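Please have the sequence and the structure at hand while reading.

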Amino acid sequence: MKLYCLSGHPTLPCNVLKFKSTTIMLDCGLDMTSTLNFLPLPLVQSPRLSNLPGWSLKDGNAFLDKELKECSGHVFVDSVPEFCLPETELIDLSTVDVILISNYHCMMALPYITEHTGFTGTVYATEPTVQIGRLLMEELVNFIERVPKAQSASLWKNKDIQRLLPSPLKDAVEVSTWRRCYTMQEVNSALSKIQLVGYSQKIELFGAVQVTPLSSGYALGSSNWIIQSHYEKVSYVSGSSLLTTHPQPMDQASLKNSDVLVLTGLTQIPTANPDGMVGEFCSNLALTVRNGGNVLVPCYPSGVIYDLLECLYQYIDSAGLSNIPFYFISPVANSSLEFSQIFAEWLCHNKQTKVYLPEPPFPHAELIQTNKLKHYPSLHGDFSSDFRQPCVVFTGHPSLRFGDVVHFMELWGKSSLNTVIFTEPDFSYLEALAPYQPLAMKCIYCPIDTRLNFIQVSKLLKEVQPLHVVCPEQYTQPPPAQSHRMDLMIDCQPPAMSYRRAEVLALPFKRRYEKIEIMPEPPPRPTQPTGGKKRKRASDDIPDCKVLKPLLSGSIPVEQFVQALEKHGFSDIKVEDTAKGHIVLLQEAETLIQIEEDSTHIICDNDEMLRVRLRDLVLKFLQKF
Amino acid sequence: MPEIRVTPLGAGQDVGRSCILVSIGGKNVMLDCGMHMGFNDDRRFPDFSYITRNGRLTDFLDCVIISHFHLDHCGALPYFSEMVGYDGPIYMTHPTQAICPILLEDYRKIAVDKKGEANFFTSQMIKDCMKKVVAVHLHQTVQVDDELEIKAYYAGHVLGAAMFQIKVGSESVVYTGDYNMTPDRHLGAAWIDKCRPNLLITESTYATTIRDSKRCRERDFLKKVHEAVERGGKVLIPVFALGRAQELCILLETFWERMNLKAPIYFSTGLTEKANHYYKLFITWTNQKIRKTFVQRNMFEFKHIKAFDRAFADNPGPMVIMPGYCVQGTVGHKILSGQRKLEMEGRQVLEVKMQVEYMSFSAHADAKGIMQLVGQAEPESVLLVHGEAKKMEFLKQKIEQEFRVSCYMPANGETVTLPTSPSIPVGISLGLLKREMAQGLLPDAKKPRLLHGTLIMKDSNFRLVSSEQALKELGLAEHQLRFTCRVHLHDPRKEQETAMRVYSHLKSVLKEHCVQHLPDGSVTVESILIQAAAHSEDPGTKVLLVSWTYQDEELGSHLTSLLKKGLPQAAS
């Protein structure tokens, strides 16, 4: 059994498991941090961005100044942003039988895999994962396609040139494989290959392997997967949460008795407590708005935003913010808010009971009804006429490289009254802000990552007791920035096996058993063909030595054996003692039987009748296996 | 002999009071717990004393499954769990769990408040009963205990209706509940995979009818409504608040929109409005089209259809009203049953002049649909419930002819017993399996095959291992049984030469076997050892000692008889 590791990003994994002649891809996350190296795509012409100086080498050579621009000491690629794909060369991806998706964040590379590698298999995911995943892809495609950029930079990717660039560009990996965003057509085609599954549904793959999604508690429809045969079990844990937010709680019990547990998608901010962060988020938001400033929250259109809106719903009246408008701007804002209300079966118990009343499970329905929350597909159109300040704007993309958020950064960045609050943990906020420097607006970093932290992981591992743990290498050492924090790593026995991008791991697995079914009665022995000619020669037929005779066990009590011999008409029996046992002599038949604890040896003349008689007598005292 | 036993307590050759007991693999499951619309006495509920006369039902039933929220499938549930006494799990889908208590409460109100029945279940009992419910997802495999598992499939029919597969080991039963094989305007079609159950228990409401196309019925209905409205008349459509009401609402709404009609449409029970909310929140259970478009427009938010208020009753002009289902004893029921003169309160006699029309929109599978489902699931046998005996008889014949499977239709209280031949799953050690595979022939999953090994049964764990491994695991030593036979040969030559002759002879005869001449002068055939020795008395005779173990017996005894015939003279 082998694990091919196609992604080095611990929270956006892409691994391929070969198990019992099936090839199973576990997630296909898309590393979007590569976009941080690019200049933002403004919705409206930004004089600041277009007037940034070109970057030149130390010796003054400026041949790259069309491709690279400099902003406050950082260098950015002036081109359509590109994404870092999972490894496509390590394994022939057309041999992948199935792709298992664990949550909507971990499927963003799906179109690249299903549309361009000769993939012909099936993708399995839950319904909320597919619906919200579609929204995320739609938003991404929309953000990038609505601001077409003529320029496409490729010169800088040349290995010899990349060496000369300042970091982080110099250190960017696999730049030659970076790709532009897919199209909506590719998204639709990729999504059409998905088969919907429910939690605890057992899916048979070719009768060899069974896969089952389990609730992972992290997002709507998010799942961990069990991949098992009748005697082996691999658990794939990806993006799980033990906190009570909106999704159904994590199913831990079903992960027990795994031979191997692949652990990915832990919290990216292990030192931050999500509850504390939400509190800080609310108080900073209130403070800014009270001072007449605007609040910008760069976010994804689904996920934590539901929890934030719920917190604000409880908070705004007590904080005296009832007159402050909340805007949610995304091409999929409406869909996201609507979809969140119809997945009752995938929600936590409290929200489920609300649906039974029947009431919408999320209070943002009420925020919309009372006009406190308004949503728009983009800042063009209705929004511009409704727009009132001070206000709070939720919009994407959290990388600050594309989407409506770019406009608000340009618009509000110059005033220290305004605040941008980062809640999504996927991007370093300092890097995200780099192309907007110098910036007057306040920046608050409240990353809310509800995924498992290391304390929860060690508790989980103690409880489910996997024989082996496999995880990305980042989890086997403390984070580089906090190298003294030995508690911020996975601690288990035996030590976790770690992987990095483009590595192949042989999993410590010994298959011992396979399932078969036996019939209550043995089938009739295949009868020999009995043609007349054949029968005559039957004695000449060479016997098939492949017919297995049973093994024997036990020992032969001499006295009883002799009695049995006598009973069967043997006379003149003499017994001699030897060092290891006895010798029984049948003088009349010129036969000698050596009997020892673990062996019996019959030495006789070539008399088949006699031999068989003696054999049957011996066998009576032995057990057959 | 293992068997599956099925006993309907209700719905056996009858429609209503669905309640079927199934015993499978030592587990007892109750399917549905319905009431009968046609009775007001004890017969309205299933006779649970059949399960046990004294003692808790919990001890006799492993679980209860409710297929959907219609009262003829769940109406007796609070009586069963709270008044008779059952504390085990009750499984149903989420929408059923949401809507079921509302219908039960409604039913209770009519029975107690309107009809004044005593000794009926209370509101608290409904609540307590619902606490025992475990909600299931579609296709989720629910492990009731270590051996019993159930799985829900989409059934169409009404919101949240499901078919259930009940499985113990390799034996399984599928219960369809009520289902619809053709998608309608708000629900999808029932679907099941080729799960090959031992028994399929299917409803057979429309066992003999093949209904005309749905479009014709819809067109007919709309035409009649339209004509009445055009005449300036009022249309009353008594329809059950959940399910068909939504179907007709969507139908009327789209028609009104297309024809640009202005006449108001009202639904009169509060229940329908609430019901629409459920449909909005459980949109994932509706059909493809509604699910796809719900963000742009939720089909259950009606523009033309409004809640009815008593004050509208005397409004002039045309209107369409959808009052709730007409329960027995109501004016509506009397009119529907054809009464043309009504005696109102205060002895006033009213003549009925309105036209009364019947139209069937119920969402059950017709004969074609039932056959289709049987074809999909490929059961070993079929059992019919929820239908009239006469019609069942017809369908039974048809199923037996077309699918060549036995078909049953027990009456209430009658037990059907099906013998099953369960397979015995065992774990075979990979070593043994590989040894088998090495002998050529890959195992064919569909054909039995003979192989030798030792079956070790520990706890409930069956393992098939090689004999060697079994001896080792059990800590037993192997007992070697060896034979040595003396074969006398007439040969004056030296022993070495005799051995050489034996070798070349055997080599030429036993082409398939490995024959070797060892340096010490002995000859081996596979693991059989042949040594030549001089005869103690007769120098012209040599003695061949042929030695083999019990495991090589066939070959050993074959060799001795071969050698006994002597060696060919021509040998050099």
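This is a predicted model: local features need pLDDT of at least 70, side-chain atom pairs count only at pLDDT 80 or more; totals for chains, interfaces and linings use all residues.

## A strand pair across two chains

In strand β21 of chain B, B:Ile428 is the bridge partner of A:Glu514.

## The interface of chain B and chain A

The contact draws 76 residues from chain A and 78 residues from chain B. Between the two chains an area of about 6800 Å² is buried, and carbon and sulfur atoms give 60% of that area. On the side of chain B, the three residues B:Leu281, B:His479 and B:Arg486 supply 12% of the area that this chain buries against chain A, which is more than any other three residues supply.

Polar interactions also cross the interface, where 38 residue pairs are in polar contact, with both residues at pLDDT 80 or more. The largest share of the side of chain B that touches chain A comes from strand β24 of chain B (residues 480–490), which contributes 9 residues. By class, that side of chain B has 36 nonpolar, 27 polar and 15 charged residues. The interface of chain B and chain A holds 5 salt bridges, among them the one between B:Glu553 and A:Arg615, whose closest N and O atoms are 2.4 Å apart.

## An annotated span and a hairpin in chain A

An unreviewed UniProt entry lists residues 305–433 of chain A as "domain: Beta-Casp". In the model, this span of residues 305–433 is 39% helix and 12% strand, and its end C-alpha atoms lie 21 Å apart.

Elsewhere in chain A, strand β25 (residues 573–577) and strand β26 (residues 581–586) pair in the antiparallel sense over 5 bridges. A hairpin of 3 residues joins β25(A) to β26(A), and A:Asp577 has A:His582 in β26(A) as its bridge partner.

## Backbone features in loops of chain A

Most peptide bonds are trans, and most residues other than glycine have a negative phi. The peptide bond from A:Leu357 to A:Pro358 is cis, with omega near -5 degrees, and A:Pro358 lies in the loop between α9 (349–355) and α10 (364–369) of chain A. A cis peptide bond with omega near -5 degrees also runs from A:Gln437 to A:Pro438, and A:Pro438 is placed in the loop between α13 (429–433) and β19 (442–445) of chain A.

A:Ser72, a residue other than glycine, has a positive phi, near 45 degrees. The loop that holds A:Ser72 lies between β4 (68–71) and β5 (74–77) of chain A.

Technical notes: Residues are numbered from 1 along each chain as its sequence is written. Chains are lettered from A and ligands numbered from 1 in the order in which they are written. Side-chain values use heavy atoms; hydrogens and water are left out. Contact means heavy atoms within 4.5 Å. Buried area is the accessible area (1.4 Å probe) that two parts lose on being put together, summed over both. A salt bridge is a side-chain nitrogen of Lys or Arg within 4 Å of a carboxyl oxygen of Asp or Glu. A polar contact is a pair of N or O atoms within 3.5 Å; within protein, one must be able to donate a hydrogen and the other to accept it, and residues adjacent in sequence count only if both atoms are side-chain atoms. Helices (H or I, at least four residues) and strands (E, at least two) are DSSP runs, numbered from the N terminus. Ala, Val, Leu, Ile, Met, Phe, Trp, Tyr, Cys and Pro count as nonpolar, Asp, Glu, Lys and Arg as charged, and the others, Gly among them, as polar. Two strands pair if DSSP finds at least two bridges between them. UniProt positions are given in the numbering used here, feature names are shortened, and annotations may be inferred rather than shown by experiment.
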